[in-house]
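Let's take a walk through this protein chain together, moving from its loops to its strands, helices and open spaces. Keep the viewer open and follow along.

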Amino acid sequence: MSFDCLVVGSGPGGYVAAVRAAQLGMRTAVVERDAIGGRCLNHACIPAKAVLRSADILSEVHHAREFGIRLNGTVPEVDFGAIGERRKNVISTLTGGVSGLFEKNNIEVLHGEATLTPDGDVRIGDTVHTATKAVVLATGSVRRPLPNLDYGGNVIGTEEAWALDELPQTIVVIGAGASGSEIASAYTRLGTQVTLYEALERVLPTEDPDISKVVLQQFKKQGIDVKTSTFYEGQEADWVVIAAGRGPDVNALGLDHAGIELTAGGLIKVDGAMRTTHPKIYAIGDLVPGPALAHKASDEGIIAVEDAAGRETHPISYLDIPRATFCSPNVGSFGLTEAQAREAGHDVAVGTVQYGAVGAGTIYGDRTGLVKIVGDRKFGELLGAHIVGSRATELIQELVNVKLLEGGYAEIARTIHGHPTLSEAVMEAARATDGWLIHG
């Protein structure tokens, strides 16, 4: 069979690329060996947030008395089976939506394992499917074992951690990055005894240290046994979850057959339009350099097929992609940390404001949240922003948008924000960066 565009993988990178290709008039097919929606919708991002949402609701119930709500002595109980059913319903709703997009845009789904041919076409079993304009590789990532710990028995990956049938009494989580922190935060609030290991010196080690400090304090209050600067050495638990890194899912693709070059780190080498070293093949998402984020993969997929359609595209500024961690407290960030900005030689201006400085922080019961803005004093430029606390994953987007529209922290400081909202803390942090904090 012949298509204009063949997309290998139906996750957030692949399905978005396929829909955009179809919008541009290409006859498009998606190759998927597993379930429509890929790892993100079926096993990772979406199920994780569904379980975390249940943990958030339980936390609100536990703190209801602080807001004048009594439960008449009733102790809230966790129905983990019902949480699992809701998780499955959320997954089926969203994956069904992707299937609906495929039908709406006349995108064909080819089930099976894809392997590249020397001509840059795609073999599935004994059948070769040709692409006249583009093949987009969007197969995502696979879990990696630790040097002294492999999967099996009670040692599982993050996908299995979100799909457990019963609420465990004890869990060990190895790796306090975004995935590990989300697992630890969800399960400890649902009632599991959690031990969180991190080989580096702090939780969320890629975030700004001021943010990591707040997260650590809240984790300890939640009851997580946090062990930083510590390697896992066989602590007993119902489940041991490895959340310490993943690798590109390329083994079945046969990249060498198509002459596709890799980077020194084992990722697929691409240019700013996501073109590989094969003239017809593009690669996106976790297969290529840059942060391993679903929204990054989606944008790369759009860039790839628009380039294949002959449209002008622009490379992604990876530093300006928002990062979101949905543990409690939420963390949202983009750009440089304060230390990175100083190392880069900027004349650094920093403004920090706690949520408690504005009315909404007290109203919503989160005075410990923190907004930190890192700027360049000479030009008033936003170099980075870091937020920890309620709705941090939503609040960060304003700062990203201002940066991409070539605004600076002075413009945020003088932009009227609604009252009383948590977004006022962003405004006040911008004022602090500009040297004239009002509330603080």
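S229 has a relative accessible area of 49%, so it counts as partly exposed; the cut-off for exposed is over 50%. Please keep in mind that the model is predicted. You will find S229 in the loop between β11 (225-228) and β12 (239-242). Its backbone is worth a look too: phi of S229 is near 50 degrees, a positive value in a residue other than glycine.

N106 can be looked at in the same way. Here phi is near 55 degrees, again positive in a residue other than glycine. N106 sits in the loop between α4 (80-104) and β3 (108-111). Is N106 buried or exposed? With 67% relative accessibility, N106 counts as exposed. A glycine with positive phi, G310, comes after helix α8, and its phi is near 90 degrees.

Staying with the backbone, which residues are joined by a cis peptide bond? S328 and P329 are joined by one, with omega at about 10 degrees. P329 belongs to the loop between β15 (323-325) and β16 (331-335). H419 and P420 are also linked by a cis peptide bond, and there omega is about -5 degrees. P420 lies in the loop that runs between α12 (409-413) and α13 (423-434).

Now turn to the start of the chain. Strand β1 (residues 2-8) has five of its seven residues buried, so the rest of the structure largely encloses it. What does β1 pair with? One partner is strand β6 (residues 127-137), which pairs with β1 in the parallel sense over six bridges. Within that pairing, S2 stands opposite T130 of β6. Another partner is strand β2 (residues 28-32), which runs parallel to β1 and is joined to it by four bridges. There, V8 has V31 of β2 as its bridge partner. To get from β1 to β2, the chain passes through helix α1 (residues 12-23), and this β-α-β crossover is right-handed.

Helix α8 (residues 294-308) takes us back to this region, because its buried residues pack against β1, α1, β6 and β14 (281-283). Eleven of the 15 residues of α8 are buried, so the helix is mostly covered. Among the buried ones are K296, E300, E306 and D307, together with A297, I303 and V305. The length of α8 can be checked as well: at 1.5 Å a residue its 15 residues should span 21 Å, and the end C-alpha atoms are 21 Å apart, which agrees.

Y197 lies in strand β10 (residues 193-198), and at 7% relative accessibility it counts as buried, the cut-off being under 20%. Leaving out residues up to four places away in sequence, Y197 touches V172, V173, I174, G175, A176, K227, T230, F231, Y232 and Q235.

I387 is in strand β19 (residues 381-388), and it counts as buried at 0% relative accessibility. Where does I387 find its contacts? Setting aside neighbours within four places in sequence, its contacts include I211, N330, V331, G332, Y355, L370 and V371, as well as A392, L395, I396, L399 and V426. The C-alpha atoms of I387 and G332 are separated by 5.2 Å, although these residues are 55 apart along the chain.

Last, look for empty space. Rolling a probe the size of a water molecule over the atoms shows where such space is left. The second largest pocket holds about 1300 Å³ of space. It is lined by 35 residues, and those closest to its centre are D56, S59, E60, S328 and S390. The elements that each give two or more residues to this lining are α3 (45-62), α6 (178-190), α7 (209-222) and α11 (392-404). Which element gives the largest share of the lining? That is α3, with seven residues. S328, one of the residues closest to the centre of this pocket, also takes part in the cis peptide bond with P329.

Technical notes:
Residues are numbered from 1 along each chain as its sequence is written. This is a predicted model: local features need pLDDT of at least 70, side-chain atom pairs count only at pLDDT 80 or more; totals for chains, interfaces and linings use all residues. Side-chain values use heavy atoms; hydrogens and water are left out. Buried means under 20% relative accessible area, exposed over 50%, partly exposed in between (1.4 Å probe, protein chains only). Two strands pair if DSSP finds at least two bridges between them. A crossover is right-handed if, with the strands pointing away from the viewer, the path from the first strand over the helix to the second runs clockwise. The expected span of a helix is 1.5 Å times one less than its number of residues. Contact means heavy atoms within 4.5 Å. On a 1 Å grid over the protein atoms alone, a cavity is a set of points where a 1.4 Å probe fits but cannot get out, and a pocket is an open set with protein on both sides within 12 Å along at least five of seven lines; lining residues have an atom within 4 Å of a point. Grid points are joined across faces, edges and corners, and a volume is the space filled by probe spheres set on the points.
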